[in-house]
Amino acid sequence: MTLTLKINGEQREVTSDPETPLVYVLRDELKLKGTRLGCGLEQCGTCAVLVDGEPTLSCVSPVASFEGKEITTIEGLAATEVGARVQAAFVEATAAQCGYCTSGLVVAVTGLLARNPDPDRETAKRELTPHLCRCGSHPRVLRAVEIASRRA
Amino acid sequence: MTERVSDRLRIREGKLLIRTGKVDIGQRISTALAIIAHEELTLPFDRIEVLPVTTADSPDEGVTSGSNSIEQSGGALRAAAATLRGHVLSEAAARYGGTPGDWSLAEGMLIGPGANRPVPVLDLAGTGLELTVTDDAPTRYRRDTDVVPMLGIAQMVTGEHRFVHDYEVPDMLHARIIRPPHAHARLRGIDISTSEKIEDEGLFIHRDGSFLAVAGPAEWPVVRAAQRLANACDWDPGEGLPEDDIFERLTPDRAIRLAVKNGIPDKDIAIPPPLESPDFAARYERPFTMHGALAPSAALASWDGRRLEIVTHSQGIHVLRDAVAESLGLDSRNVVLTHAPGSGCYGHNGADDAAFEAALIAISIPCTPVLLKWSREDEHAWEPYGTAGAVELAARVDQDGRLASFSAEAIGGTFRGRPRAGKDRTGARKLIANQFRKKPEGPAPAVPNMNPQGGLQRNLDPVYDIPETRYVKNLVPDLPLRTSALRCLGAALNVFAIEGFIDEIAHARGSEPLRFRKAHLGDPRALAVLDRLEELLGDRPASGGRGIAYGQYKNSMTRVAIAVDLDLDETARIRLRNATIVADAGRIIDRDGLTAQLQGGFLQAASWALHEAVTWDRDGVASRDWDSYPVLRFEDVPDIDVSLIDRPDDPSAGAGEAAPGPTLAAIGNAVFDACGLRMRRLPFRPDDLRAAALAQ
């Protein structure tokens with residue numbers, strides 16, 4: 001049995017069990033390993049992808065539930081204007097230490113700015129609260145949000 | 001130890017390659033090393049590379065810990081690079097004319113008399129790589145740019161950065177472990193219909209006593225099979241975990257006691273008698289705390305019948321190699337460990353155990369690489385925690401209100417859980433899987449760390465001028481949960497306790513806390529840090545409660561003063577508003593990296609202060625995910641202002657562990673300032689604050 005997913009603008013056929021959480025299909029079957037697995041419980045935000053433009057955690061919901069939707073992973077963000085801008089802002093602010101939270105945060109900030117081009121600091125904090133960072137890069141991530149929104 | 005330049009530097013295809021034994025765990029040591037090489041040899045950054053760290057090739061620099069990398073690996077690299085620079089300058093003079101002093105370097109080129117064009121530095125390196133490194137080679141200590149991007153950041157933002165979790169090699173199997181409910185449980189049996197069904201599906205089950213794992217070609221079916229197997233296991237729970245109050249166990253009468261003098265425990269010194277009729281006495285406490293790495297531990301292992309290869313995010317690959325070899329009865333020359341990135345670890349987390357467990361599975365399936373990933377629950381419940389602890393303090397003040405006598409006793413479990421090989425198979429006994437194999441071994445008994453500023457005694461002796469002092473280390477050997485090195489070791493609790501206690505005394509004496517500290521400090525660099533903090537705070541009136549604290553990591557490294565402004569909301573939840581951090585880390589190598597380490601240290605300690613405590617009961621650890629073990633999130637993050645004092649003529653000191661101790665104390669002191677509650681036990685959750693208010 002195959003499912004068809006639209007990922008980063010391309011139609012992709014996948015053969016994983018439809019109950020498989022999306023992140024395993026992305027990483028294991030499609031070899032899109034930039035989406036990270038951190039908890040498998042929707043608690044840490046490392047596995048975020050954009051689904052129809054909205055930041056969505058991919059570690060619990062079965063892959064079948066994403067059929068017919070537009071999925072953008074960290075690998076596909078550079079092709080979008082907002083995504084590229086956010087990536088550049090993360091580099092400029094050095095908004096990472098170990099980098100494990102970074103994919104999820106770049107996805108989340110891209111989704112946020114697409115919806116709200118100029119969020120204030122409190123809004124950014126609230127929107128990013130589903131995402132953990134254990135190294136303490138938060139101030140730099142918030143600065144990256146400011147840089148990216150200023151460059152719009 | 002004599003080193004050759006080639007022990008630290010190699011040249012390949014026009015690039016300078018740096019050899020180090022210290023691994024990059026997000027603290028940016030790679031970037032700092034590249035900067036050091038650049039400073040001495042002026043090569044552009046795109047021509048400098050840091051080689052992967054592997055036991056097959058890299059220098060053995062022990063464990064990446066204790067904020068030592070910049071001094072140890074950085075110092076060795078600088079000496080090697082300076083020796084090489086001396087060589088190329090002489091070589092240029094010999095080949096083209098003039099004296100070495102007539103030649104200068106820029107952008108990786110030598111410019112001087114007699115050469116028509118600039119000469120590439122690396123072209124003249126030649127025999128210089130075989131020179132013995134001299135510590136007195138003049139260093140250049142200069143760079144041509146102040147902003148150096150962190151190595152790897154460009155790949156992190158695009159998802160191309162590869163963690164060990166992302167490795168994929170031909171014929172590789174994914175693996176998961178099926179864990180007992182707790183450390184004392186043993187596997188009685190597995191429902192055979194379940195295990196046979198799983199094997200019929202093409203998955204592989206490995207059982208060695210109570211060590212149980214499943215492996216297969218695709219990851220999700222392995223995750224599911226592990227869940228099914230877990231439900232099919234029959235565990236003998238034994239006596240379960242002890243449930244008595246941990247803080248009642250943390251007493252000197254249950255401990256191995258050692259007097260500490262000048263930061264060093266000494267078994268030949270009698271424990272000095274307690275301070276008589278102290279004016280002040282207090283006990284500060286901290287619960288078990290986890291490293292809580294964002295990525296559960298992982299490792300890739302393969303075994304060809306003779307040679308074992310492991311890719312791991314361990315902080316100490318040489319130490320781990322020896323423990324793995326010891327466990328398996330292998331010659332350590334046939335065990336090769338290579339470091340690959342994991343997520344930030346902040347000390348000894350599950351990395352080493354995962355590496356050994358991947359090896360156990362791989363050995364049972366020869367010639368098949370095995371990528372083992374721990375689950376979130378594995379990491380939360382099975383990593384070795386930072387120990388619970390207590391510090392008992394007493395002080396007397398003189399008529400002028402100055403500290404006259406001071407006593408501090410640190411009480412806690414061990415920070416030495418790393419699998420360092422030693423007598424009685426200590427390395428093997430510290431790898432958790434060995435406790436569950438058919439022939440179980442371990443755990444290893446806790447042995448006091450006797451090193452200066454090691455373990456529990458780290459920062460137990462404050463840097464203040466106090467005429468009479470008394471320090472005692474109390475290692476409690478039989479705690480209910482396994483413990484090991486967590487960022488700062490004893491310094492986090494000790495500085496929290498001492499700086500909270502100093503605050504108590506200052507308030508009781510009617511002294512302004514910052515001035516009270518300054519009155520007890522003679523070190524001009526400490527005073528400069530506190531002066532800068534005072535100046536910065538002068539421009540920013542306190543909103544809500546304000547607390548300050550000061551500490552110098554290991555009393556010899558980075559000096560840090562911190563002020564925190566916070567409010568308590570109507571639910572007794574702490575809202576951090578502003579933090580001001582002033583630091584002197586000697587000569588600054590990577591300004592932005594240093595700032596990141598201070599911010600990161602502050603935020604990890606803020607997480608400890610606001611949230612973190614491991615809980616357990618008879619049936620096992622209850623902190624098994626991010627809901628049952630909450631940590632700091634974006635909504636908790638204050639504005640953080642970092643101010644650095646550069647000391648170009650003083651040695652660089654590591655700073656990754658400098659901020660947490662002062663952060664804990666500054667937050668505790670700010671809570672007191674905000675609401676009058678003196679919080680002496682971490683963490684300060686709304687329930688803890690309400691309980692303290694009721695008890696008052």
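The exercises below, each with a worked solution, go through parts of a predicted model.

In this predicted model, local features need pLDDT of at least 70 and side-chain atom pairs count only at pLDDT 80 or more, while totals for chains, interfaces and linings use all residues. Residues are numbered from 1 along each chain as its sequence is written, chains are lettered from A and ligands numbered from 1 in the order in which they are written, and side-chain values use heavy atoms, with hydrogens and water left out.

**Exercise 1. The interface**

Describe how chain B and chain A meet, and find which element of chain B gives the most to the side that touches chain A.

Solution. Begin with contact, which means heavy atoms within 4.5 Å: 55 residues of chain B are in contact with 49 residues of chain A. Next take the buried area, that is, the accessible area (1.4 Å probe) that two parts lose on being put together, summed over both; for these chains it is about 4,500 Å², with 57% of it on carbon and sulfur atoms. Then count the salt bridges, each a side-chain nitrogen of Lys or Arg within 4 Å of a carboxyl oxygen of Asp or Glu: there are 7 between chain B and chain A. In the one between B:Asp639 and A:Arg121, the closest N and O atoms are 2.9 Å apart. On the side of chain B that touches chain A, at least two residues each come from α3 (153-158), β7 (173-178), α5 (219-232), α14 and β27 (639-644), where helices (H or I, at least four residues) and strands (E, at least two) are DSSP runs numbered from the N terminus. Finally, α14(B) gives the most to this side, with 9 residues.

**Exercise 2. Helix α14 of chain B**

**Exercise 3. A:Arg36**

Locate A:Arg36, and state which backbone oxygen of chain B lies 3.0 Å from a polar atom of its side chain.

Solution. A:Arg36 lies in the loop between α1 (22-29) and β3 (48-51) of chain A, and at 0% relative accessibility it counts as buried. The side chain of A:Arg36 reaches the backbone oxygen of A:Gly34 at 3.3 Å. Leaving aside residues up to four places away in sequence, A:Arg36 touches residues of both chains, including A:Tyr100, B:Phe163 and B:Asp166.

**Exercise 4. A pair within chain B**

Explain which parts of chain B are tied together by the pair B:Glu357 and B:Arg179.

Solution. The side chains of B:Glu357 and B:Arg179 meet in a salt bridge (2.9 Å, N to O). B:Glu357 lies in helix α8 (residues 351-364) and B:Arg179 in the loop between β7 and β8 (186-190) of chain B, so the pair ties together parts that are 178 residues apart in sequence. B:Glu357 is buried at 0% relative accessible area, and B:Arg179, at 15%, also counts as buried.

Conventions:
Buried < 20%, exposed > 50% of the residue type's maximum accessible area, 1.4 Å probe, protein only. Polar contact = N/O pair within 3.5 Å; in protein donor to acceptor, adjacent residues only side chain to side chain.
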